[in-house]
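Take a look at the model below.

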Protein chains: 4
Amino acid sequence: METFIRVLKDVKPNNPILIEGLPGIGNIGRIVAGYLIEELETEKIAELYSPHFLPFVILHEDVARVLKCEFHYYKDPKGKNDLIILIGDSQSGDQEGYGHYEIAEKILDYAEDLGVKKVFTIGGFGTGEIEKDEPMVLGAVNDPKLLEEYKGYGINFEETSLKLGMIVGATGLLLGLSKLRGMDGLCLLGETAGFPILTDPKAGEAVLKILMKILNLDISLEKLEKRVKDMENFLQKIERIQQQALKQMGQEKSDEDELRYIG
Amino acid sequence: METFIRVLKDVKPNNPILIEGLPGIGNIGRIVAGYLIEELETEKIAELYSPHFLPFVILHEDVARVLKCEFHYYKDPKGKNDLIILIGDSQSGDQEGYGHYEIAEKILDYAEDLGVKKVFTIGGFGTGEIEKDEPMVLGAVNDPKLLEEYKGYGINFEETSLKLGMIVGATGLLLGLSKLRGMDGLCLLGETAGFPILTDPKAGEAVLKILMKILNLDISLEKLEKRVKDMENFLQKIERIQQQALKQMGQEKSDEDELRYIG
Amino acid sequence: METFIRVLKDVKPNNPILIEGLPGIGNIGRIVAGYLIEELETEKIAELYSPHFLPFVILHEDVARVLKCEFHYYKDPKGKNDLIILIGDSQSGDQEGYGHYEIAEKILDYAEDLGVKKVFTIGGFGTGEIEKDEPMVLGAVNDPKLLEEYKGYGINFEETSLKLGMIVGATGLLLGLSKLRGMDGLCLLGETAGFPILTDPKAGEAVLKILMKILNLDISLEKLEKRVKDMENFLQKIERIQQQALKQMGQEKSDEDELRYIG
Amino acid sequence: METFIRVLKDVKPNNPILIEGLPGIGNIGRIVAGYLIEELETEKIAELYSPHFLPFVILHEDVARVLKCEFHYYKDPKGKNDLIILIGDSQSGDQEGYGHYEIAEKILDYAEDLGVKKVFTIGGFGTGEIEKDEPMVLGAVNDPKLLEEYKGYGINFEETSLKLGMIVGATGLLLGLSKLRGMDGLCLLGETAGFPILTDPKAGEAVLKILMKILNLDISLEKLEKRVKDMENFLQKIERIQQQALKQMGQEKSDEDELRYIG
């Protein structure tokens, strides 16, 4: 059995950009993708299921369902760039890496079918410190020519290589693997304390502001804090459940080890 | 090599319902499926084998055989709903989850071939306490419309989401993945102490009573306790053997970790 | 990449019996298969390679080679049962079991191609005690009718179920999976102390004697002890190398855990 | 998803020899392959990507990219043996071995397409001691006839079997698996302290000298030390990043275990 995508609606997007916002450090990507989906007029067009997610159903709003990712479609009224927004419950649960690659490749297969030529991946980077006035946004590209294109938006590209050196999980792999398909890739990482369960609206806001400028989107950020609060409950529930599931499967970690930091 | 199903007899069931009862917490599913198979006039129609079961043969009744699941067919004399009852030695032995997904998908492939439109999965949920007068039966569905359909049978749907939040293993995945094939799914979880090796007839009885009402089955529960005793020996043997096998394979767990709780 | 068999010579055996003797507890199977290959006039007809063996080459007799199993062909001069003798460096190195199933299935694919209808698997069972005058030979079959067929050879079938309950690895899986292909299966397990690295000629001799009676083979056992000594060096080298390789790959076990007991 | 090779340029090499130099103990292979690529006039003709590499992108020279291996082509001006030089960021990250086999087989598939009949693999062997005046070069072949062919170059074949007994990872598997395709294989192992992160130019030089004699190459070794210094930064960065990534993925090892020694 392989990871598969279930297309719910066929669309023909116009110059689409894929925006990835899967759970990770500070859940920055999840916040940004979630807020875009709620504030823009979007439509769910596909779902992704994978045997590399943990083997359980979550009980949410009275219904049991397996873990999944969703693709939401935003039709740009200005006719410039439609958006394909990828949001999800989880990243790959395997510890070797294989599942991360398979999921990223399936996402890119679908993106390629939709005509995507540009991929924005969104994540966080942990500093270990909780308080921070102005979260920085680090950036990375998959082609040097893009440094020029994105230099005017307040993204710090210099420190990414120095401070991080790498980007783990979907946020990293989609950036790197999209290059092999001739797609341009930009990664935005919000500065945050660094724990997945601490959903960080401030870092999400910092990334959103840059993204809105790049995409020329006009969204009010007023409701962000409230929305993040709502998401937080769900995200903490999933996080708690994953730990519980790992425990039931005999993979219990010691308390110190229990958090994984997939960026 | 993939999980495969070996069809022993071709049948054309009438509006069949799949009932899953694989080993798990308190072995509730195993008890319920086992009792139905013994008390109803059923016939074995298929077997499932998987490289995700542990790699050994068990010696049982003088013969060595690999781990397997079995599909038993019950022809409803009232012509309403034939039953396909799934029972087995084991769930997937892999710790990453992949095997659980593959096995669940193979089961649903076969169920789909048989025309199954409804799936009932049966498991247990552990409370950690051994004594209990009246075991509760928690429920979950894979579509909100089903809450209405199953509300009159004494199933507690409210606490499932609050208390559990998730259902691990085949019991959960078959519920969730059947939805993607347009099947209705209902999960019944008997309240029990919570250890796989403590086969719990009382919780099994509680689930059986509800199932009989839903399916309009007329079975005497008199022999249940005796039958559970018989099953118990076999189930404890398998459990003991699995631990032994893991030990021989160099996966020995510490005593505290040694029990896995797949629901 | 899958486990594959490289056929070196096409043969058309007459009523062939597959005899498996891969490394395991006390290396009984390895001794028996090795001695048969040396004492009978046999010919290597195929090799098996697998990504589930550990990823290294061994340096043996001045040449580096990957781990493999070999099929040797013995043409029965009496025209009754030709033998296909399976010997090898290693069993699957994976800890989940998947590799064991894949390798067993590939072996049986090839056996089926050769017309094999009967499989004898040979292993050991560990008692934990080193000294023993007369090693017992436990047996198991994959069909109850075979108990009658093999009852007159001094094989103890009764205690196998009671004492062992299961047989792990190739010795078990080939016995169980061959049944699904309509092959008869007999497993012979020599009583031994229980450590892979302690190659046990006495237990091997006990099994050989029974096997010779069943197969009506006329082999002198005089050279057995010397031959076992020769094999021992090679087997201890492989065992030592496997531990070293696991260590280099970051899978180092503590001293207590380091031995695996695949029967 | 499988490991795949992305061909960048079709070439028709003349009697090509594959030279493997992936990271490993002392990074000897990496140094040798890297120096050959820089000093000879070579051209990159293909890249290899694998889901068995760790799931992250590295940030290098302002750009994020996934881990990969590269095939560089050297056209022999003397018309004797063109070279296909394999260099890379990483070996397989999986701990079971499966990934190592898959990657080695894909490399050999491509080599076979190019007409390769000879494979030289290069690695290191660790002595545990840091200082050493004259590093020894151990050798191994995949066919006894080659001992004669390569005996005059100062390669110590005798001690390889005695001291090592095995060669782990790509360096070993390419040597062993190439034999199954009828290719001749020679492995050269430079003596070094034994830690991957301690890139060892002296051992690299010892191997290079032998290789140059065998291949009749005329390269100045003057720039070697400087070049190794340059590579070292990159290699240490990758090594550090891999440890960091494993940590983020919840596979953190204790300090003592953290280094893997794939030869």
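Helix 2 of chain A has these buried residues: Tyr98(A), Gly99(A), His100(A), Tyr101(A), Glu102(A), Ile103(A), Ala104(A), Glu105(A), Ile107(A), Leu108(A) and Ala111(A). Buried means that 20 or more other C-beta atoms lie within 10 Å of a residue's own; exposed means 12 or fewer, partly exposed is in between, and C-beta atoms are placed from the backbone. Helices (H or I, at least four residues) and strands (E, at least two) are DSSP runs, numbered from the N terminus. This is a predicted model: local features need pLDDT of at least 70, side-chain atom pairs count only at pLDDT 80 or more, and totals for chains, interfaces and linings use all residues. Residues are numbered from 1 along each chain as its sequence is written, while chains are lettered from A and ligands numbered from 1 in the order in which they are written.

What do the buried residues of helix 2 of chain A pack against? They pack against strand 2 (17-21), strand 3 (42-49), strand 7 (83-88), strand 8 (118-126) and helix 5 (170-179) of chain A. An α-helix has 3.6 residues a turn, so residues three or four places apart point the same way. Now check the length of the helix. Its 16 residues, 98-113, should span 22 Å at 1.5 Å a residue, and its end C-alpha atoms are 23 Å apart, which agrees. The expected span is 1.5 Å times one less than the number of residues. Just after helix 2 of chain A, Gly115(A) has a positive phi of about 90°.

Step back to the whole chain. Chain A has seven helices and eleven strands. Its radius of gyration is 17 Å, close to the 18 Å of the globule rule for 263 residues, so chain A is as compact as a globular protein of that length. The radius is taken over C-alpha atoms, and the rule is 2.2 Å times the number of residues to the power 0.38. Along the principal axes, the C-alpha atoms of chain A fill a box of roughly 50 × 45 × 35 Å. Of the 263 residues in chain A, 54% are buried. Among contacts in chain A with a separation of 6 or more, 76% join residues 24 or more positions apart. Two residues are in contact if their C-beta atoms, placed from the backbone, lie within 7 Å.

Next, the meeting of chains A and B. The contact takes 27 residues from chain A and 36 residues from chain B. On the chain A side, helix 7 of chain A gives the largest share, five residues. Strand 4 of chain A and strand 10 (residues 166-168) of chain B run antiparallel, joined by three bridges. Strands pair if DSSP finds at least two bridges between them. Here Phe56(A) has Val168(B) as its bridge partner.

Chain C meets chain B too. In this contact, 36 residues of chain C touch 27 residues of chain B. Helix 5 of chain C gives the most to the chain C side, with six residues. Strand 4 (residues 56-60) of chain B pairs with strand 10 of chain C, antiparallel, over three bridges. Phe56(B) stands opposite Val168(C).

Which chains do not touch? No contact joins chain A and chain C, whose closest C-alpha atoms lie 13 Å apart. Chain B and chain D do not touch either, with their nearest C-alpha atoms 13 Å apart.
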